[in-house]
Amino acid sequence: MVKIIIGAGTPSLVAPSAEPASVTAPAFSAVRGRTLKLIEPLSPEDACAQSMTACSPAKWHLAHTTWFFDVLVLDAFGLERPSTGDGLRVLFNSYYNALGSQFDKSMRGALTRPALDEVIAYRAQIDAAIARAIESGLDDRALAAIELGLHHEMQHQELLLADIKHLFSVNPLRPAYLDAPLERAAPAGPTQWRRFEGGLRSIGRDAESDGFAYDCEGPEHPGMLHGFELADRCVTNAEWLEFIADGGYQRPELWLDDGWKRARAEDWSAPLYWSMRDAAWDEFTLRGPAPLDPDRPVCHVSYFEADAFARWAGARLPTEFEWESAAVELDCEASTCDLLEGGELHPRVGEPGAPLRAALGGVWEWTASDYAPYPGYAIPAGAVGEYNAKFMHGRRVLRGGCCATPMAHVRASYRNYYAPDDRWPFAGVRLARQPQATAGK
């Protein structure tokens with residue numbers, strides 16, 4: 001990778017690919033078209049509603065991802081663009097202070113105008129302008145900005161689904177995003193522990209690597225790891241039921257202080273979307289309510305819950321560096337990874353026999369690591385510097401991807417992050433522990 005400067009007076013960033021020319025008009029259209037495909041099951045009313053401040057309406061996701069290409073590509077590079085007025089720049093600017101003021105996030109559900117069809121028309125205008133620009137020939141700086149925008153869009157595809165799930169969950173009718181029911185998962189089987197030796201390891205994205213990476217994934221740096229063991233699969237619903245039955249939500253000795261306070265304040269007694277009905281647990285999914293499947297991974301738990309469970313289980317959460325060093329050689333294929341392309345939109349444990357089952361896909365996996373800059377990290381100048389760096393405080397790193405993550409957006413070095421009390425992401429738990437003594441020694 002090389003250092004790139006995007007436009008005059010606009011931010012620098014690490015180029016997302018060694019070959020930015022791989023960005024093509026068909027590839028651009030494919031990513032943008034998938035977002036429109038994701039909203040097909042929604043009514044205009046569904047697309048406009050907002051269930052809590054952390055979530056955004058689907059219409060806003062459609063508009064904000066378009067705003068990104070409008071402002072950070074077309075406008076930044078002086079390319080031909082439609083006249084959309086200053087209003088949209090304010091309404092659909094998420095948090096980029098360098099690019100002006102933003103509309104209050106908690107009020108996005110109040111934005112009945114522009115209407116959904118107007119937002120879709122805005123997307124079509126910007127898409128046409130980007131396609132023309134790509135076909136006319138762009139330099140590597142502009143292509144890098146477009147590739148960044150495509151990965152930004154993939155992030156929002158996952159967020160759109162997570163936000164719709166929360167929206168539908170608070171509706172007493174408990175509507176389904178997809179009509180087909182979930183099938184029962186195959187038996188998860190017992191946990192197998194994979195041993196990893198300690199030593200000096202390379203952490204972070206190599207500047208010469210091909211493929212996209214965000215600035216926060218580098219620079220590559222050495223890290224000393226002690227030997228550890230990592231569970232071959234994530235914690236299941238059946239195991240979480242044991243935690244509940246053993247009073248896990250009522251035992252303060254298992255919890256971090258902030259977590260205990262939040263659990264008490266919000267009356268946590270089970271993962272988000274679990275509910276007891278007719279003396280049995282069910283789980284709200286994007287396919288509507290379903291009987292709780294004991295063999296699926298537990299999902300929609302906070303960092304605080306994950307940490308408490310790990311302590312109860314006599315284990316711990318892995319550090320993000322342990323996780324990356326264990327997963328760095330993993331490949332992801334449509335047939336083996338539980339990702340957006342699979343279409344189920346609810347996590348699976350993964351096939352037995354894999355070294356780390358569903359490490360890429362399934363559920364995002366909480367780590368014990370704070371989201372902080374790597375040694376030598378330099379905040380990109382300008383607006384793009386706000387993309388990641390401004391959130392490097394008070395958040396925890398998650399690794400691996402989930403059942404709503406596009407395949408092109410997963411990799412071992414990816415550093416997702418959320419606040420430790422967030423529960424609406426597709427987040428679960430993979431346990432770690434210190435190496436156990438081998439029998440006979």
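Author: Contact means heavy atoms within 4.5 Å. Helices (H or I, at least four residues) and strands (E, at least two) are DSSP runs, numbered from the N terminus. The model is predicted: local features need pLDDT of at least 70, side-chain atom pairs need 80 or more, and totals for chains, interfaces and linings use all residues. Residues are numbered from 1 along each chain as its sequence is written, and side-chain values use heavy atoms, leaving out hydrogens and water.

Reader: Which elements are included in what covers the buried residues of α1?

Author: Buried means under 20% relative accessible area, exposed over 50%, partly exposed in between (1.4 Å probe, protein chains only). By that cut-off, the buried residues of α1 are A25, F28, V31, R32, T35 and L38. Their cover includes α3 (58–75), α5 (116–136) and α6.

Reader: What distance should the 14 residues of α1 span?

Author: The expected span of a helix is 1.5 Å times one less than its number of residues. Helix α1 covers residues 25–38, and its end C-alpha atoms lie 20 Å apart.

Reader: Which residue caps the N-terminal end of α1?

Author: A polar contact is a pair of N or O atoms within 3.5 Å; within protein, one must be able to donate a hydrogen and the other to accept it, and residues adjacent in sequence count only if both atoms are side-chain atoms. Here a side-chain oxygen lies 3.1 Å from the backbone nitrogen of A27. The capping residue is T24.

Reader: How many disulfides does the whole structure hold?

Author: A disulfide is a pair of cysteine sulfur atoms within 2.5 Å. For C234, the nearest cysteine sulfur is that of C299, 9.6 Å away. For C403, the nearest is that of C402, at 5.0 Å. The search of the whole structure gives zero.

Reader: Which strands stand at the edges of the four-stranded open sheet?

Author: Two strands pair if DSSP finds at least two bridges between them. The order is β12-β11-β10-β13, with mixed pairing. Three bridges join β11 (residues 396–399) to β12, and these two run antiparallel. Each edge strand has a single partner, so one side of each is left without a neighbour in the sheet: β12 (416–418) and β13 (427–428).

Reader: Which proline is joined to R113 by a cis peptide bond?

Author: Most peptide bonds are trans. This one has omega of about 0 degrees. The proline lies in the loop between α4 (86–91) and α5. The residue is P114.

Reader: Is L345 buried or exposed?

Author: L345 sits in the loop between α10 (320–327) and β10 (364–370). Its phi is near 60 degrees, a positive value in a residue other than glycine. The relative accessible area is 5%, so L345 counts as buried.
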